[in-house]
Amino acid sequence: MLENGALSGGTTRTAEPAHGLRPLEVFVIGAAAGAIAKTLTAPADRVRLLYQVSTSPWTLRGALGLGSALVRQGGPEGLWRGHSATLWRIVPFAGVQ
């Protein structure tokens, strides 16, 4: 029961979000933003990951050479190899953030 804008039991009503979106809309927008951001940075992440498991020291020239080698071996989509697994992890997380 409401008494002067407060619920009985001492709790108050929370205000509606300022953006006016429903929770599902917020989830979808967040998930899409996360997917786009991760897709744009995937090539750099792939090169970084390959450097982390190698023994060679990192250099910019070496990173560019590794990116070129990935494109030569697997075409441009070689830079996004394994990206779908990343999206399965990122999309739900980004949607609820």
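Predicted model: local features only at pLDDT ≥ 70, side-chain atom pairs only at ≥ 80, totals over all residues.
1. Buried means under 20% relative accessible area, exposed over 50%, and partly exposed in between, with a 1.4 Å probe and protein chains only. An α-helix has 3.6 residues a turn, so residues three or four places apart point the same way.

2. Residues are numbered from 1 along each chain as its sequence is written, and side-chain values use heavy atoms, with hydrogens and water left out.

3. Now the whole chain. It has three helices and two strands, in the order β-β-α-α-α along the sequence. Helices (H or I, at least four residues) and strands (E, at least two) are DSSP runs, numbered from the N terminus. Of the 97 residues, 21% count as buried.

4. Have a look at the kink in α1. A bend of about 55 degrees lies at alanine 42, shortly before proline 43. The bend at a residue is the angle between axes fitted to the seven residues ending there and the seven starting there.

5. How do α1 and α2 pack? Helix α1 (residues 23-52) and helix α2 (residues 60-74) meet at an angle of about 110 degrees, with their axes 10 Å apart. Axes are lines fitted to C-alpha atoms, for helices over the stretch in contact, and angles run from 0 to 180 degrees between N-to-C directions. The two helices are therefore roughly perpendicular; angles under 35 degrees count as roughly parallel, over 145 as roughly antiparallel, 65 to 115 as roughly perpendicular and the rest as oblique. Arg46, Val47, Leu50 and Tyr51 of α1 make the contact with Gly62, Ala63, Leu66, Gly67 and Leu70 of α2. Contact means heavy atoms within 4.5 Å.

6. Next comes the pair α1 and α3. These helices pack at an angle of about 145 degrees, and their axes are 7 Å apart. On the α1 side the contact includes Val26, Phe27, Gly30 and Ala31, and on the α3 side it includes His83, Thr86, Leu87 and Ile90. By class, the residues of this contact divide into eleven nonpolar, six polar and two charged. Here Ala, Val, Leu, Ile, Met, Phe, Trp, Tyr, Cys and Pro count as nonpolar, Asp, Glu, Lys and Arg as charged, and the others, Gly among them, as polar.

7. Is histidine 83 buried or exposed? Histidine 83, found in helix α3, counts as buried because its relative accessibility is 11%. Not counting residues up to four places away in sequence, histidine 83 touches Lys38, Thr39 and Ala42.

8. Finally, turn to tryptophan 58 in the loop between α1 and α2. With 55% relative accessibility, tryptophan 58 counts as exposed. Leaving aside neighbours within four places in sequence, tryptophan 58 is in contact with Tyr51 and Ala63. Its C-alpha atom is separated by 9.1 Å from that of arginine 48, ten residues apart along the chain.
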